[in-house]
Amino acid sequence: MTEDGVHRAWGWVAHLQAGGTTPWRDWTGAGDPRGRILPGAQQLELLRRLNGAGPTSPELAARVLEASAPGRGRPDLELEGAVPPLEFGPRPVDPADLPDDELIRVATMLLAEDVHAAGLPETEHPPRKRWRRRKYRLEGDVVLTGPIRADLVRHGRPPGGRGATVLVLGTDLGTMYTHAWTARSLSAGAPSWREWLDPHVKRGTVPGRIDLVKVAKAWSDRVGKERVRIVLDPAEVPRIIGVRRPAPAAEPLSADATDLARRVGQALGLLAVPTERRALLRETLRPRLAALPGAPLVLPAEHLERVHERATHLRDALLRAGYPVHGDLDSLLPADRAGVPEPSDAGVLAHALRLLLEKKR
Amino acid sequence: MATRVLLHVGTPKTGTSYLQDVLFRNRRTLASAGILYPADRFDAHFLAALDLMRLPWGGLEAEAVGAWDALAEKVRKHHGTAIISHEILATASRAQAGRALKSLGHGDGTEVHVVLSVRDLVRQIPAEWQENVKHRQALSYGNFLDQIRKPERDTRIATWFWGVQELPDILNRWGHDLPPERIHLVTVPPRGGPKNLLWKRFSVAFGLDGLDLDLEAERANPSLGAPETALVRRINRAANRELNPGDYRPLVRELLAHQTLSARTGSPRLALPPDVHPWVSEVTSSWIAEIERRGYDVVGDLHDLVGAPPVTQYADPDNPSEKQVSAAALDAIKALLLESARLRHNEERLEHELLETQKALERAYLRPTYRWREKLVRRLQSGSYGRGLLKAYRRVRGRSSRAA
């Protein structure tokens with residue numbers, strides 16, 4: 001390392017620790033070493049972006065500088081200009097040139113640590129079960145069933161029981177694909193949206209939970225066809241199970257928030273066992289993500305035709321099977337919805353910065 | 001506080017599985033000599049490394065939560081020498097290496113030594129590609145070579161490869177603030193040398209000479225030939241999407257690659273393409289010069305890193321002999337059939353056991369007292385008075401189950 005370059009780098013570290021936002025290439029000051037090694041370019045640039053997004057606490061700044069990105073990817077990189085051209089190891093970089101993905105890797109580990117440290121919210125004691133209640137089960141698209149089931153449980157109407165009517169919930173297939181990916185991102189983990197979606201569309205496969213034909217058939221074999229209903233209008237659920245209160249609407253996350261959940265989930269897998277990770281993602285992180293703005297995820301235009309074809313098969317199969325249907329079976333066909341066809345790294349990083357600052361500001 | 005820690009940080013494919021197997025099986029003998037190998041399962045140090053480096057590994061990371069801190073605590077509590085060994089530690093970042101050293105007592109009175117076992121790139125490059133294939137990758141050898149030769153090293157494959165193979169950089173990260181005499185390089189001898197020479201070198205580096213250790217290996221990470229690796233790559237391409245990582249590991253990596261295909265030793269071996277040799281020689285020479293300059297302790301001969309000359313008959317795994325791949329595939333099918341048969345027999349046995357248990361349960365249910373109680377409970381449950389009685393009875397008895 002050149003002495004001047006090292007002092008310039010340590011000066012920049014101090015500047016960032018003090019809340020500075022000057023890019024490395026414009027930095028001319030100097031400072032004395034403050035640690036064993038210079039933090040990596042990814043960590044320093046993340047701190048600079050955090051400072052730009054809001055005041056960063058000294059604790060958060062220290063955590064950022066000590067963090068390492070999880071998983072396989074580029075190692076902590078040296079600052080270009082702080083060290084002479086290296087004969088060995090990865091090339092030094094100008095941190096401003098780093099792709100957002102590199103910064104997200106570091107940020108998601110810090111967020112995972114926050115979520116893990118926050119733990120699970122206190123669970124409310126479930127109220128006594130209502131004596132007279134219609135027994136039900138909610139199956140199908142978990143993004144639709146989740147909030148309705150939670151609301152019913154909160155009001156003393158847990159699912160299950162002998163003679164329960166099975167309600168298989170769904171909506172247009174395009175949206176159900178986005179819901180299925182969201183559900184996986186918030187549980188066992190998922191590849192990126194396109195890595196997950198493209199093979200499904202190419203092969204014409206529909207994931208288990210949203211394959212309403214399979215779900216209905218499985219329950220029909222178990223409890224009898226007369227107790228299975230297809231519900232394509234969730235507003236119908238209260239009427240079917242004899243509740244006056246309207247069903248709560250699903251609160252889909254934005255595309256960027258979902259992708260952030262997926263990435264935090266990967267990092268959280270290194271800190272918590274799978275059941276705990278799933279609960280932390282759904283109960284601790286999800287409410288924070290739901291408050292973030294952003295466009296929802298929609299099916300990319302190039303897949304519309306194939307998904308329409310698949311949805312038509314699904315509709316016809318349900319029609320042939322003859323289950324009672326609440327709502328319009330044509331609503332399974334992909335609808336034109338406003339949204340973005342995939343998450344953006346810039347959006348994901350912006351959300352990550354916001355959550356980190358929310359926690360430690 | 002341990003007085004001395006020997007931290008073996010890589011590199012992969014340098015006899016590390018064998019070394020770790022010997023150390024694990026001889027823990028008691030080592031302990032009697034005051035040497036701690038802190039592991040309650042064979043892969044304990046692997047899990048600790050995953051935890052330290054926050055590295056996902058096909059779901060295994062869930063078992064690794066907190067493993068590094070637990071390992072470091074055992075080392076700190078030990079009075080004497082402790083050994084830690086795992087090859088993926090080679091890829092740790094500077095910050096992670098710093099954290100590891102500190103947690104083991106570096107800077108706090110403990111003498112930490114870093115050991116790096118090293119092998120020539122002529123063998124390491126094909127071996128690394130093969131490891132990638134055995135970890136579900138489907139990329140061709142040509143693509144792998146292109147990626148590692150790109151100066152930008154911006155792909156995951158290249159990042160990992162250089163992270164675990166670029167010796168001066170690994171030693172920069174791990175040896176940053178250690179004196180050179182506490183950094184030990186163990187070179188892997190060229191192919192065809194005395195069989196136990198590598199062990200002798202490990203023994204010197206880890207101070208194991210004079211101990212009566214059982215050196216019979218139970219675990220190793222055997223290599224595959226060119227057609228066998230090509231076959232596994234094709235299997236990855238065909239089955240990856242459907243086969244979960246938890247099933248891939250025992251079925252493809254263990255059963256097919258390690259237990260079946262590695263036994264086919266007559267097939268052409270994977271090798272470095274002759275046209276890549278000059279570049280490898282150039283890289284290696286710069287490494288040797290740098291290591292000599294730094295003055296580390298070398299156990300063996302640094303010139304072992306030069307490697308063998310180019311092969312005269314190169315077997316390209318991207319264009320393998322289809323006859324050889326078919327023969328390997330037949331062996332694979334046979335192994336899978338035998339495994340299926342074993343599992344079927346297991347299933348039959350379990351079904352039989354389940355049936356016997358069900359029968360025993362039914363016999364218990366058929367006792368007159370059980371039937372009387374069941375009848376009584378049914379009758380009580382049919383009326384509100386009876387349900388109240390049952391509830392009171394269960395409360396008194398202190399049982400939450402509603403079953404009769």
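Me: How many residue pairs are in polar contact between chain B and chain A?
Reply: The count is 9 residue pairs, with both residues at pLDDT 80 or more. A polar contact is a pair of N or O atoms within 3.5 Å; within protein, one must be able to donate a hydrogen and the other to accept it, and residues adjacent in sequence count only if both atoms are side-chain atoms.

Me: What should I know about the model and the numbering?
Reply: This is a predicted model: local features need pLDDT of at least 70, side-chain atom pairs count only at pLDDT 80 or more, and totals for chains, interfaces and linings use all residues. Residues are numbered from 1 along each chain as its sequence is written, chains are lettered from A and ligands numbered from 1 in the order in which they are written, and side-chain values use heavy atoms, leaving out hydrogens and water.

Me: What area is buried between the chains?
Reply: About 2800 Å², and carbon and sulfur atoms give 53% of it. Buried area is the accessible area (1.4 Å probe) that two parts lose on being put together, summed over both. In chain B, Arg54(B), Arg94(B) and Arg156(B) lose the most area to chain A. Together they make up 26% of what that side buries.

Me: How many salt bridges cross it?
Reply: The rule finds 3. A salt bridge is a side-chain nitrogen of Lys or Arg within 4 Å of a carboxyl oxygen of Asp or Glu. In one salt bridge, the side chains of Glu78(A) and Arg94(B) meet at 3.1 Å, N to O.

Me: New topic. Why is H8(B) largely enclosed?
Reply: Because 9 of its 10 residues are buried. Buried means under 20% relative accessible area, exposed over 50%, partly exposed in between (1.4 Å probe, protein chains only). Among the buried ones are Trp160(B), Phe161(B) and Trp162(B).

Me: What covers them?
Reply: The cover includes helix H6 (121-134), helix H7 (141-149), H9 and H13 of chain B.

Me: What about Thr91(B), where does it lie?
Reply: Thr91(B) is in the loop between strand S3 (81-85) and H5 of chain B. Thr91(B) is buried, at 19% relative accessible area. Leaving aside neighbours within four places in sequence, Thr91(B) contacts Met53(B), Trp160(B), Gly163(B), Val164(B) and Arg173(B).

Me: And Arg123(B), buried or exposed?
Reply: Buried, at 14% relative accessibility. Arg123(B) sits in helix H6 of chain B. The side chain of Arg123(B) makes a polar contact with the side chain of Asp120(B), at 2.8 Å.

Me: Last one. How many residues has the largest nonpolar core?
Reply: That core has 82 residues. A nonpolar core is a set of buried Ala, Val, Leu, Ile, Met, Phe, Trp, Tyr and Cys residues joined through side-chain atoms within 4.5 Å. H3(B) gives the most to this core, with 7 residues. Phe144(B) is among the residues with the most contacts inside the core.

Note on methods. Helix = DSSP H or I, 4+ residues; strand = E, 2+ residues; numbered from the N terminus. Contact = heavy atoms within 4.5 Å.
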